[in-house]
Amino acid sequence: MNKPRRWIASYFTELTTLWDRFWFTPTAPHTLAAIRIAIGLMLLYTHLVLASQLLAFVGTDAWVTTDTVRQLHENDYAWSYLWYVDSPAILWTHHLVTIAVTICFTCGIFTRLTAPAAWFLQLMYMHRLTGALFGLDQMTTMITMYLMLTPCGSVWSVDAWLHRRREAAGRPSRWWLPSASPSIAANIGTRLLQLHLCVIYLFGGVSKMRGEMWWDGTATWFAVSNYEYQSMDMTWIVHYPILFAALSHATVLWETFYCALVWPRLTRPWVLLTAVMVHGGIALFLGMITFGVTMIIANAIFIPPAILQTLCRRQPKA
């Protein structure tokens with residue numbers, strides 16, 4: 001084999017090795033389990049908000065009627081059986097089942113079943129509530145979709161407790177009680193969520209670059225001075241134009257290059273710290289608390305499971 005052919009063969013061999021390592025290295029489920037609990041609570045919150053005025057959201061005389069929603073989705077593939085349900089009794093029964101499934105998912109009860117069920121029920125609401133949705137709903141649905149592909153209920157859950165009891169009794173394990181050992185499924189779910197987050201930030205950064213206010217540095221000022229979103233008076237920032245211009249440009253820079261800088265160990269802590277600051281700021285100053293918190297939860301997918309294992313490891317008794 002001549003030198004160019006050896007170089008090409010070596011290159012593709014190394015590429016295949018990196019591909020396999022990226023997707024198929026077994027990973028512990030602890031980060032996924034922590035995200036399951038946090039996102040489950042956020043899902044539960046949104047369902048309780050819906051319950052406060054359920055029929056106004058999905059009833060026959062809802063703010064956005066089913067006929068309107070069906071027309072809005074005429075040219076796409078969205079569908080929901082809630083388009084065809086008019087009975088208040090059925091709608092309330094359905095919603096109580098949804099809340100029960102979400103609680104089970106959060107607590108890790110039969111997670112192999114309740115995780116896909118929680119995602120499916122949330123998706124049906126997403127397609128019914130067109131026009132009343134927010135970034136929070138889209139993020140929780142997306143994260144739940146990836147969690148259902150993983151053994152996210154194998155740690156810090158009722159499933160984990162049942163699994164330990166079966167092991168202690170010498171009984172064989174069951175597929176619905178997954179082991180907490182590292183698995184390829186946990187790694188694939190983690191990678192998919194990480195890549196999806198990178199795509200979101202990349203398009204967010206590119207989209208911002210199309211806006212004039214992000215180029216002249218006034219975007220942050222207009223955001224904090226908008227009374228529709230303002231939860232804390234930050235208009236004093238008008239006296240520091242260099243500050244709000246720097247914040248605007250730093251946001252675009254961070255979002256655009258998030259997809260590249262979040263992978264190296266050297267830059268990852270700073271990228272994640274910036275994520276906490278940006279989304280924490282949105283939560284505190286722009287009134288979007290749930291969305292800001294959800295984005296911080298999503299960024300936790302880049303926290304290695306070993307860190308959570310170390311933090312939660314029980315200290316031996318003296």
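The dialogue below asks how terms are assigned in this predicted model.

Student: What should I know about the model before reading the values?
Tutor: This is a predicted model, in which local features need pLDDT of at least 70, side-chain atom pairs count only at pLDDT 80 or more, and totals for chains, interfaces and linings use all residues. Residues are numbered from 1 along each chain as its sequence is written, and side-chain values use heavy atoms, with hydrogens and water left out.

Student: How many helices and strands are there, and what makes a run of residues a helix?
Tutor: The protein has 15 helices and zero strands. Helices (H or I, at least four residues) and strands (E, at least two) are DSSP runs, numbered from the N terminus. The C-alpha atoms fill a box of roughly 60 × 60 × 55 Å along the principal axes.

Student: Where is serine 183, and what does it touch?
Tutor: Serine 183 sits in the loop between α8 and α9. Leaving aside residues up to four places away in sequence, serine 183 touches Thr25, Pro26, Thr27 and Pro151. Touching here is contact, meaning heavy atoms within 4.5 Å.

Student: Where is phenylalanine 134, and which residues does it touch?
Tutor: Phenylalanine 134 lies in the loop between α6 and α7. Not counting residues up to four places away in sequence, phenylalanine 134 touches Met288 and Phe291. Phenylalanine 134 and phenylalanine 291 are 157 residues apart in sequence, with their C-alpha atoms 8.3 Å apart. Across the protein, 77% of the contacts with a separation of 6 or more join residues 24 or more positions apart.

Student: How do you know that the buried residues of α8 line one face?
Tutor: In α8 (residues 158-168), the buried residues are Asp159, Ala160, His163 and Arg166. Seen down the helix axis, they fall within an arc of 125°, so they line one face. The arc is that of the directions from the helix axis to the C-beta atoms. The face turned away from the buried side carries the exposed residues Arg164, Arg165 and Ala168. What covers the buried residues includes α6 (111-128).

Student: What caps the N-terminal end of α8, and what follows the helix?
Tutor: Serine 157 caps the N-terminal end, with a side-chain oxygen 3.5 Å from the backbone nitrogen of aspartate 159. Glycine 170, with a positive phi near 75°, follows α8.

Student: Which residues other than glycine have a positive phi?
Tutor: Among them is tryptophan 156, with phi near 50°, in the loop between α7 (135-147) and α8. Phenylalanine 110 is not a glycine either, and its phi is about 50°; its place is the loop between α5 (88-107) and α6.

Student: What makes a space a pocket, and what is the volume of the largest pocket?
Tutor: On a 1 Å grid over the protein atoms alone, a cavity is a set of points where a 1.4 Å probe fits but cannot get out, and a pocket is an open set with protein on both sides within 12 Å along at least five of seven lines; lining residues have an atom within 4 Å of a point. The largest pocket has a volume of about 1100 Å³. Of its 38 lining residues, the closest to the centre are Trp214, Thr251, Val278, His279 and Ile282.

Student: How many residues of each class line the largest pocket?
Tutor: Its lining has 29 nonpolar, seven polar and two charged residues. Ala, Val, Leu, Ile, Met, Phe, Trp, Tyr, Cys and Pro count as nonpolar, Asp, Glu, Lys and Arg as charged, and the others, Gly among them, as polar.

Terms used. Buried < 20%, exposed > 50% of the residue type's maximum accessible area, 1.4 Å probe, protein only. Polar contact = N/O pair within 3.5 Å; in protein donor to acceptor, adjacent residues only side chain to side chain. Points joined across faces, edges and corners; volume = space filled by probe spheres on them.
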